[in-house]
Amino acid sequence: MKKSFMTEAINLKNYPLNDNDSIVVMFSKTKGLMRAVAKGVKRPKSKLGARVQMFIANQLMLFEGKNLDTIAQAQSVNTFSKIRNDLDKLSYSMYVAELVNNFCSNDYNKDENYPEIYDLIYATYEKIAMANTKEEVIFATLKFQIKLMNFLGWGLDFEYCSKCQKNMESDLTQSCFYSYSLGSFLCLECGDNVNGIRIHNKIRLFLAELSKVDYKEKTKYDELVNFAVLEKCFLFMKKYIDNLSNKKTKIFEVLDKTLIEA
Ligand SMILES: [Zn+2]
């Protein structure tokens, strides 16, 4: 008899295996990033078909396979349905899925904390689904970027100068430097000799605060930030993350192109 196991997982994407079956890429609470076969989902009356759509969290029963496991049963835990009727929510959710797919693994040696990352993805999709404005969608995604990198050991140090190791000034009228080539912040003195961009301390301290608090926790900046600041921070983190891997996130490029061509 085939060995079975249970897990809770969030779908990140799926692609066809043949005329009837699909492969679902998902993040499992106990196994990390995984792929599994969903049989018969292309048939019009398939119950499983609806449950293997992107961004749905399911309680699953799977059969272990030689190469790929097969989904035997799926019970949805949260469909995050409000993501699917808004283009902004959809594209930022796809970006989240892409980051998880690019950076996470199912390699136990890497010592990743799967339940913690699972809860982060779940909380992010919940926040995006319930968002009332694009600003809230970007804020949810920005927090996700920072938290995911922290969990994976790629977190940015927002407080200390990477050259002299001194705690950088918290003067809100001042700025500091950031170097994309070094991937780190520098104080005003050290940054002078480095090819970097100037970042206002207000921005750096806002990101530092997001890095410290739990995902769902409010910060003292929540009511103060505006759309322009959030978008700037999101793009800053996106560039930092893109520079970490050779798999650049494609979602926003693709989307820009589709909108232009449409
Ligand atoms: Zn310094």
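## The β7-β6-β8 sheet

Two strands count as paired if DSSP finds at least two bridges between them. In this predicted model, three strands meet that rule as an open sheet, ordered β7-β6-β8. Their pairing is antiparallel. The edges are β7, residues 184-186, and β8, residues 197-200. Each edge strand pairs on one side only. From one strand to the next, the twist averages 40°.

How many bridges join β6 to β8? Four do, and the two strands run antiparallel. Strand β6 spans residues 175-179. Opposite Phe177 stands Arg198, a residue of β8.

## Helix on the sheet

Helix α6 covers residues 201-212 and packs on this sheet. The helix touches β6, β7 and β8. The direction of α6 makes about 70° with that of β8.

## Strand β1 and its partners

Strand β1 takes in residues 4-16. Strand β4, residues 57-63, runs antiparallel to β1. Seven bridges join β1 and β4. Which residue of β4 is the bridge partner of Met6? That partner is Met61.

Strand β2, residues 22-28, is also antiparallel to β1. Seven bridges link β1 and β2. Here Asn11 has Met26 of β2 as its bridge partner. Together β1 and β2 make a hairpin, with five residues between them.

## Pairing in general

Strands of a sheet pair through backbone hydrogen bonds, in either a parallel or an antiparallel sense. The antiparallel sense applies to β6 with β8, to β1 with β4 and to β1 with β2.

Notes: Residues are numbered from 1 along each chain as its sequence is written. This is a predicted model: local features need pLDDT of at least 70, side-chain atom pairs count only at pLDDT 80 or more; totals for chains, interfaces and linings use all residues. Axes are lines fitted to C-alpha atoms, for helices over the stretch in contact, and angles run from 0 to 180 degrees between N-to-C directions. Two residues are in contact if their C-beta atoms, placed from the backbone, lie within 7 Å.
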